[in-house]
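Please read them with the coordinates open.

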Amino acid sequence: MNKKRTIIGGIVVVIALAGGYGWYQFNRTVQGLADVRADFSVNATDLIKEFVSSEDAANKKYLNKILSVKGMVKNVESAQSTIVLGDTSDMSGVRCVIDSTANSTIGSLQKGAVITIKGAITGFNKDETGLLGSDVQLNRCVIAN
């Protein structure tokens, strides 16, 4: 009888621990970038040139890092919460997907304004045709002060 009670108690403890861990994972959130220090500070056009000239070297340097990118606003896509930074003479840009906590600041941005955005770099979409321009991708972006 005592052995049976110990086994059942152990099973209950394992189920409770698994349930607690599952609850924790379900409710965790991603850390916002507003108070995180950037690993690199770079100009938008320089970042694009670096990826275009040597994508592998740029990926090794920047991928999964936090960047502070300064540049001119080329386009604001409010529906997708995206700001595109870059130079108007080139189709390429730095596409910054704004974090949901900073969405309210998108509406006040004007094309041509020079701003600094902090975000996590997630990749580079190279334009193989040369017609549409290449894009550096940043996610979880916030507008830096």
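1. A salt bridge here is a side-chain nitrogen of Lys or Arg within 4 Å of a carboxyl oxygen of Asp or Glu. By this rule the count comes to 2 salt bridges. Keep in mind that this is a predicted model.

2. Glu50 lies in helix H2 (residues 44–53) and Lys61 in helix H3 (residues 55–62), so the pair ties together parts that are 11 residues apart in sequence. Glu50 is partly exposed, at 25% relative accessible area. Lys61 is partly exposed too, at 34%.

3. The other pair is Arg95 and Glu77. Their side chains form a salt bridge at 2.8 Å, N to O. This pair links distant parts of the chain: Arg95 sits in strand E4 (residues 93–98) and Glu77 in strand E2, 18 residues apart. Arg95 is partly exposed, with a relative accessible area of 22%. Glu77 counts as buried at 19%. The cut-off for buried is under 20%, so Glu77 falls on the buried side with its 19%.

4. Which side chain of opposite charge is nearest to Asp99? It is Arg140, 5.8 Å away. Asp99 is buried yet has no salt bridge. Asp99 is in the loop between E4 and strand E5 (114–125). Outside its sequence neighbours up to four places away, Asp99 touches Gly32, Arg140, Cys141 and Val142.

5. Arg140 deserves a look for its backbone as well. Arg140 has a positive phi of about 55 degrees although it is not a glycine. Most residues other than glycine have a negative phi. Arg140 is found in strand E6 (residues 135–143). At 31% relative accessibility, Arg140 is partly exposed.

6. Asn64 also has a positive phi, about 65 degrees, and is not a glycine. Asn64 lies in the loop between H3 and E2. Is Asn64 buried or exposed? Asn64 is exposed, with a relative accessible area of 66%.

7. Now the overall layout. The protein chain has 3 helices and 6 strands. Along the sequence they follow the pattern α-β-α-α-β-β-β-β-β. The radius of gyration is 22 Å, well over the 15 Å that the globule rule gives for 145 residues, so the chain is more spread out than a compact globule. Taken along the principal axes, the C-alpha atoms fill a box of roughly 80 × 35 × 25 Å.

8. Among contacts with a separation of 6 or more, 63% join residues 24 or more positions apart. The accessible surface comes to about 9400 Å². Carbon and sulfur atoms account for 55% of that surface.

9. Helix H1 spans residues 2–27 and includes Ile7. Ile7, Ile11 and Ile15 make a nonpolar surface patch of about 300 Å².

10. Strand E2 spans residues 66–77 and holds Ser68. Ser68 is buried, at 15% relative accessible area. Leaving out residues up to four places away in sequence, Ser68 touches Ala38, Phe40, Ser41, Val42, Thr116, Ile117 and Lys118. The C-alpha atoms of Ser68 and Asn139 are 12 Å apart in space, while the two residues are 71 apart in sequence.

11. Val73 lies in strand E2 as well. At 2% relative accessibility, Val73 counts as buried. Which residues does Val73 contact, leaving aside its neighbours within four places in sequence? They are Ile83, Val84, Leu85, Gln110, Lys111, Gly112, Ala113 and Ile115. Val73 and Thr88 are 15 residues apart along the chain, and their C-alpha atoms are separated by 9.1 Å.

How values were computed: Residues are numbered from 1 along each chain as its sequence is written. This is a predicted model: local features need pLDDT of at least 70, side-chain atom pairs count only at pLDDT 80 or more; totals for chains, interfaces and linings use all residues. Side-chain values use heavy atoms; hydrogens and water are left out. Helices (H or I, at least four residues) and strands (E, at least two) are DSSP runs, numbered from the N terminus. Buried means under 20% relative accessible area, exposed over 50%, partly exposed in between (1.4 Å probe, protein chains only). Contact means heavy atoms within 4.5 Å. Patches are made of residues with over 30% relative accessible area and no salt bridge: like charges are joined within 9 Å, nonpolar side chains (Val, Leu, Ile, Met, Phe, Trp, Tyr) within 5 Å. Accessible areas come from the Shrake-Rupley method with a 1.4 Å probe; for residues, only the protein chains shown count as cover. Lys and Arg count as positive and Asp and Glu as negative; His and the chain ends are not counted. The radius of gyration is taken over C-alpha atoms; the globule rule is 2.2 Å times the number of residues to the power 0.38.
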